[in-house]
Amino acid sequence: MLRWACICVGQSPIVLRVQSSFESLSLSAALTAVVADLGYTDPTPIQAATIPALLKGRDLVGQSKTGSGKTAAFALPILQGIEVQRRVVQALVLCPTRELSAQVARELRKLGRGHPGLAVLELVGGQPSRPQREALERGVHVVIGTPGRLLDHLERGALDPSSLRTVVLDEADRMLDMGFGEDVTRLLRALPEKRQTVLFSATFPDSIEAISRSFQRDAVRVTIEEPEEALGEIRQLQLSAAPGEKLHALCWLLDRFPHESALVFCNFKATVAQLVEDLAGSGMSVDRLDGDLDQFHRDQVLARFRSQSLRVLIATDVAGRGLDVQGLDLVINFELPPQPEVYVHRIGRTGRAGRQGVAVSLTRGPGDERLEAAAALTGMEVDTLTRSAENDPGIETLLRTLARPPRMGTILISGGRKDRIRPGDLLGALTGEAGGLRGDDVGKIEIQQKLSYVAVALPVARSAVECLNRGRIKGKRFRATLVGVSAWRSS
Ligand code: AMP
């Protein structure tokens, strides 16, 4: 498939047709294999337009939005340049927030699966410095973090930048908006002069231009002329439901739109609690995400949701902020938000990276002014669904049909990065002679600082837990437990 990108070298824009197969991008065989393994069939436009220049070592300014595939756009060239046998910092990624740092680190580790021994380290504020210094002493290849903490380690001499080849400023405009301008400048000044500097930003205010002028040489500029807005991948629908009918209408929607993962938004915690109680009671795979959850349970619910061992997640906006889930099949506004911008943000979680998603809103009736204001902001049509006696089998039948277990089960393991556990260790423990699982029984693997989550096909989940509890990983015993299963078994 060919797409169009506008690439400017210096000030002159050249509109180019961008090649869009990963094979044509001069990536190593290892990276091409991982990308294929992850199911990325074609590069996204930003990837197709930036990867060749980045592989040549050029400085670059890329216009990008979340969901455009920008992380892989810079992560793949970084990985291609890493010399794994040298345990020194070779690339640095600056992010505005801890959440984005974690997201970038996750993507880098995922794409780095074909590089055994690769060490990716997050250095973010709000966490003790000492373990971070110790990790740096042990030696790492890629460092990702927030500007303040990175600068701190750099100025104390814990982070040695002398072997650094590439620095990336991700969401550079947001970083400046959040007041990191001075830290960023100090950081860039402290890095070796001979290096590649890459800037990704959604907008290009003067402050970004100034950074580019001061710290980049002959930068390639890439803006993507998208034929339609990213929201074009989202089908927007509405269904009117009287207050007493909303639970029934929600079940009808969940049944009508096939989904592995559906996110349902409410405006209040109390509504979330009530819905989860109603739906879990009938045996559905459902859980909640609201401001009352502590960090541990929040991480756990999200890990289950990301790894498809939870079909329906019911959330408030507060809890959904910084929510690292994308490419969902279905987003439902059980209650429309009062601000139109929140609506756009909510529905933006579906249909990422070229997949069509569905966003349905329950309304008070035709001409609901909250939906009209929100739809005006997206500039797109919202189609109306009709529920009638002919197409609605009734709530009892719907609840029975929806009481399906999820595809996967999530196992929590009591060890993580600090125990040097890597995805390959868990995969090794579960498959082959030791575990007996097939490779395709194992889904998403997330290694956190002190614990890990691994998704396995639900029918083999219990035997996988037993196998992990019997065996050793990196010579040590860890406790493995299946999490969140009771919710859908409670019927
Ligand atoms: P990002 O814009 O970097 O936040 O990426 C958005 C999502 O798209 C992430 O979940 C990536 O894993 C996924 N992604 C990145 N590149 C591709 C691709 N070429 N094809 C399909 N999905 C992709």
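**View 1. Thr316, a buried residue of strand S13.** Thr316 is buried, with a relative accessible area of 5%; buried means under 20% relative accessible area, exposed over 50%, and partly exposed in between, with a 1.4 Å probe and protein chains only. The residue belongs to strand S13 (residues 312-316). Helices (H or I, at least four residues) and strands (E, at least two) are DSSP runs, numbered from the N terminus. Not counting residues up to four places away in sequence, Thr316 touches Phe265, Cys266, Phe268, Lys269, Val272, Leu289, Asp290 and Gly291, where contact means heavy atoms within 4.5 Å. The model shown is predicted: local features need pLDDT of at least 70, side-chain atom pairs count only at pLDDT 80 or more, and totals for chains, interfaces and linings use all residues. Residues are numbered from 1 along each chain as its sequence is written, and side-chain values use heavy atoms, with hydrogens and water left out.

**View 2. Strand S15 and its parallel partners.** In strand S15 (residues 357-363), 7 of 7 residues are buried. On one side lie Gly357, Ala359, Ser361 and Thr363, and on the other Val358, Val360 and Leu362, so that both faces are covered. Strand S10 (residues 234-240) pairs with S15 in the parallel sense over 7 bridges; two strands pair if DSSP finds at least two bridges between them. Gln236 stands opposite Ala359 in S15. Strand S14 (residues 330-333) also pairs with S15 in the parallel sense, over 4 bridges, and here Asn333 stands opposite Ser361.

View 3. S18 pairs with strand S19 (residues 452-457) over 4 bridges in the antiparallel sense, and Glu446 stands opposite Tyr453 in S19.

**View 4. The loop residue Ala202.** Ala202 lies in the loop between strand S8 (196-201) and helix H9 (206-215). At 34% relative accessibility, Ala202 counts as partly exposed. Ala202 and Lys65 are 137 residues apart in sequence, yet their C-alpha atoms are 5.4 Å apart in space. Not counting residues up to four places away in sequence, Ala202 touches Gln63, Ser64 and Asp173.

**View 5. The largest cavity.** A search of the whole structure finds 1 cavity of 30 Å³ or more. On a 1 Å grid over the protein atoms alone, a cavity is a set of points where a 1.4 Å probe fits but cannot get out, and lining residues have an atom within 4 Å of a point. The largest cavity has a volume of about 50 Å³, a volume being the space filled by probe spheres set on the points, which are joined across faces, edges and corners. Its lining consists of Leu254, His259, Met284, Ser285, Arg311, Val312, Leu402 and Arg404.

Terms used. 1 Å grid on protein atoms, 1.4 Å probe; cavity = no way out; pocket = protein on both sides within 12 Å on 5 of 7 lines; lining within 4 Å.
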